[in-house]
Amino acid sequence: MRDYFQGHSHCTKFDSHVELPSRHLKQPETSVFQGSALGPASYVITAADQLRTRHHENGLLKYADDTYLIVPAVVSHTVEDELNHIAEWSQANNLRLNQSKSQEIIFIAPGARRTLTGLPDPIQGIKRLKSIKVLGVIINDQLTTSYHVTELIATCARTLYAIRTLKAHGLIVHALHTVFKATVQARLLYCAPAWSGYCTAADRNRLESFLRRCKRLGYCDVDTQSVVEQFQLADETLFERVLNDDRHVLHSVLPPRTEYSYYLRRR
């Protein structure tokens with residue numbers, strides 16, 4: 001890994017013609033190269049080593065180059081201080097905090113919306129939204145997934161046009177069902193254990209209606225499990241994986257294993 005980070009240079013390749021790196025060009029100074037195999041891991045190591053909150057009440061969630069700052073309502077006055085700290089860390093590590101790509105969301109309980117007197121002032125340069133996309137999952141300010149289900153059904157419906165085209169060109173039924181599993185069904189189940197528990201009954205009914213339509217059109221097998229059954233299977237699979245792998249990232253949140261000792265009489 002040391003050899004990988006040392007002596008880096010860049011060149012341009014176009015139509016099998018390669019421009020050799022020049023000694024007069026400025027060499028890259030950053031340690032994270034976008035598109036490289038070690039890029040995400042090196043960013044995580046760099047961010048985990050130095051990028052931390054200034055106030056212990058706040059939290060930072062980091063995944064590759066996505067960073068989420070969580071601030072409780074009782075210490076909302078610390079947001080500006082935390083953002084300045086992140087900007088200083090970014091500048092010290094040859095990075096830049098792009099405020100145009102940063103977003104803010106305030107989670108409010110549905111019952112508290114009537115008695116709410118006011119919200120904190122908006123942060124200059126950062127948009128305040130009612131919903132954000134976190135690693136491909138849309139979450140609104142009431143911690144429900146209604147927006148995500150709406151976007152999911154719309155995206156899958158556009159994919160059905162391609163499947164309908166394949167069916168019109170004579171693709172065999174078995175291959176058509178395989179394409180459906182690899183595209184539509186995989187998209188429906190993406191990250192399901194993280195958001196399916198926040199679905200309301202109306203959201204589940206919309207997903208079930210979409211799946212019944214796909215069965216009626218012959219895009220998937222009629223014996224395909226319902227959306228609720230697929231969600232339950234995904235939850236059980238994840239739980240088994242966490243339970244049997246002590247190196248899993250979620251294994252630490254399990255309760256301590258109970259040890260039973262039996263003292264039996266000798267025969």
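Asp245 and Arg247 form a salt bridge (a side-chain nitrogen of Lys or Arg within 4 Å of a carboxyl oxygen of Asp or Glu), with their closest N and O atoms 3.9 Å apart. By this rule the count comes to five salt bridges. This is a predicted model, where local features need pLDDT of at least 70, side-chain atom pairs count only at pLDDT 80 or more, and totals for chains, interfaces and linings use all residues. Residues are numbered from 1 along each chain as its sequence is written, and side-chain values use heavy atoms, leaving out hydrogens and water.

**Exposure of the first pair**

- Arg247 counts as exposed because its relative accessibility is 76%, while Asp245, at 26%, is partly exposed; buried means under 20% relative accessible area, exposed over 50%, and partly exposed in between (1.4 Å probe, protein chains only).

- Salt bridges that share partners join Arg54, Asp81 and Glu88 into one network.
- In the pair of Asp81 and Arg54, the closest N and O atoms are 2.7 Å apart.
- That pair links distant parts of the chain, 27 residues apart: Asp81 sits in helix H3 (residues 79-92) and Arg54 in the loop between helix H2 (39-50) and strand S3 (59-63); helices (H or I, at least four residues) and strands (E, at least two) are DSSP runs, numbered from the N terminus.
- Glu88 also has a salt bridge with Arg54, at 3.0 Å between the closest N and O atoms.
- Arg54 is partly exposed at 41% relative accessible area, and Glu88 is partly exposed at 46%.
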